[in-house]
Amino acid sequence: MNSNSQMILQAENITKRFGGMTAVNNVSFGLKKNEIAALIGANGAGKTTFFNILTGNYIPEEGTIYYKGQDITRLSPERRVDLGIMRTFQLASTFDNLKVIDNLRLAYYRANNKATLRNIFFSRMDRIVSAKIEECLETFNLTKLADRMTGQISLGEKRVLEIAMSMVTDPEVLLLDEPFAGLSEVEIDECLKVLYQQVHKKTILIVEHKISKIEDLVEKVGVMVEGVMIASGETHEVLNCERVRREYWKTAE
Amino acid sequence: MKRFLTSSTGIIIVFVLLFLLKGVLPAAFLTEVVIYSIYAMGCSFLIGRLGLTSFGQPAFLAFGAYGAGIYLYYFGTNSYVAILVGVLASLLINMLVGTFLVRLNSSYFTLCNQAFCVVTFFLFQKALVKWTFGDNGLLLISRMKPTPVIDLTTTNGIYLFAFLVAIGVWLFFNYLLKKSVFGATCLCVKDNEQKLRFLGYNTFNIKWLAFVIANTVAGLAGALYTVYFCMVNANIANVSSASEAVAISMLGGAGTLFGPLVGSFLFIGLKDIVSQFISHWEVLVGFLLIVVMLAGQKGIVGSLEDFFAKQKSEGTPQTPALTEEGGL
């Protein structure tokens, strides 16, 4: 069991290598309940690899991940969803051959049912009806697109849909991988509005290149450079830290 | 209710047409079409819904066929029971084989299925020759006794029975393709398997069940084939016919409800009719397949569905949901 009981999600001394390259080197980072945090760094800094380790896409060579004190380092992504951890992808990741509303229905269905073969075989898509789905459509301005095929909507709309798919599951921890990539300013504002509504309600980790968009939203920041977490802590403290100014701002700005 | 009526009406219309054709076309031809369409339905489901192309379908056909054949040759005389045994044998094999094969993707899945087909052919032709009689096969005509309700030993009886079975299979796939959460998750496996995993769905289980369903339906077609032809030999598993189910699926429209029926009609038609005039009838199938694929890659039914959808939407860019309309 993890000694730090304050943390809902805690990664300790994580190291991940690909062949001879160390993508993530002895990184530790934790999220408190209902805290919104960001992981920033330039391209190739190891943010997404670390993120993939948190979500179960990769198993680290060294280190441990705790969720509510339980070791989840080797747990499959499906089991992590059961625990309440949900993620989005860097590239908008939706189901193009389904209708927009069916994307939300599938996400909602899984969050509220065990996805056994028996269950999914005997459940009908058109019977997955919930006020939560309608609410999500409305919140994310997707109502008019509900019956459109996802393959026919814009990249920005897909990005919004993906975040909506995560929110409809009402996760305990939401991990967003570059949620604003490819979005217009208006769409970014819409997404931020939704994220601001979650302040003190949900635990969220956002991976971003640049902090500027989310500086006021996040309470905690971790800065990664070449696979190493060079600083982490309260947002303004970290951003004013000498090493961050020297190594991160020089790289990213 | 409206959707139910639409899909069910479609199925009824198709089968009334098929039944009326009995007065024009020989029952033997139509029976073969119906059995082939059941055979291709599973393959079409795998290609259209999961993006898995299998060149091992003859193997799955053969397990159903031999299940029925061995029962009739060694154990009993009732064709109903034989079909049931064929389906169960196929189900068990598919549950076992699926556990290994669905771990593979794209070309690896295709090639390993083909390899399994080669192994199956060897099994029935050589390894089990003592019981299967290899290329000579099991001759069952004297071992099948008339069955109650529908006599499966008569041409009309087996035609009617295959017909009813096909309706059942169509209704089953209608549910899978258009209504169930399972059908939608299968489509998601093809679309974005990783995302589905991260929504919490076990994609291995989904692919496994899809594999078992698709190939057990092929086994059912195999069992019907044995009862219809009153014999089964090792050639049913011959890898040289591995492309037939894929060609029928692609020709008609993979993943569509009626694609396999249309594909079978064309395929068997070309085989039975054109082969009377041209010895290499496969050449025509090849050309036809290329033309249909170049015309839109969705097969005849898929392309027609797109065409009517465009007509319906009167030029607006929005097309109806494929999950609703039975397309890919």
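Which residue of S9(A) is the bridge partner of Ala37(A)? In this predicted model, the partner is Lys220(A). The pair belongs to the bridging between strands S3 and S9 of chain A, two members of an open sheet of six strands.

- From one strand to the next, the twist averages 15 degrees.

**S3 and S9**
- Strand S3 of chain A spans residues 36-40, and strand S9 of chain A spans residues 220-225.
- The two run parallel and are joined by four bridges.

**A helix on the sheet**
- Helix H1 of chain A, residues 47-55, packs on the sheet.
- H1 touches S3, S6, S7 (173-177), S8 (203-208) and S9 of chain A.
- The direction of H1 makes about 150 degrees with that of S7(A).

**Contact between chains A and B**
- Chain A contributes 30 residues to the contact and chain B contributes 26 residues.
- On the side of chain B that touches chain A, the elements giving two or more residues are helices H8 (181-198), H9 (203-229) and H14 (322-325) of chain B.
- H8(B) supplies the largest share of that side, eleven residues.
- By class, the side of chain B that touches chain A comprises 13 nonpolar, nine polar and four charged residues.

Key. Residues are numbered from 1 along each chain as its sequence is written. Chains are lettered from A and ligands numbered from 1 in the order in which they are written. This is a predicted model: local features need pLDDT of at least 70, side-chain atom pairs count only at pLDDT 80 or more; totals for chains, interfaces and linings use all residues. Two strands pair if DSSP finds at least two bridges between them. Axes are lines fitted to C-alpha atoms, for helices over the stretch in contact, and angles run from 0 to 180 degrees between N-to-C directions. Two residues are in contact if their C-beta atoms, placed from the backbone, lie within 7 Å. Ala, Val, Leu, Ile, Met, Phe, Trp, Tyr, Cys and Pro count as nonpolar, Asp, Glu, Lys and Arg as charged, and the others, Gly among them, as polar.
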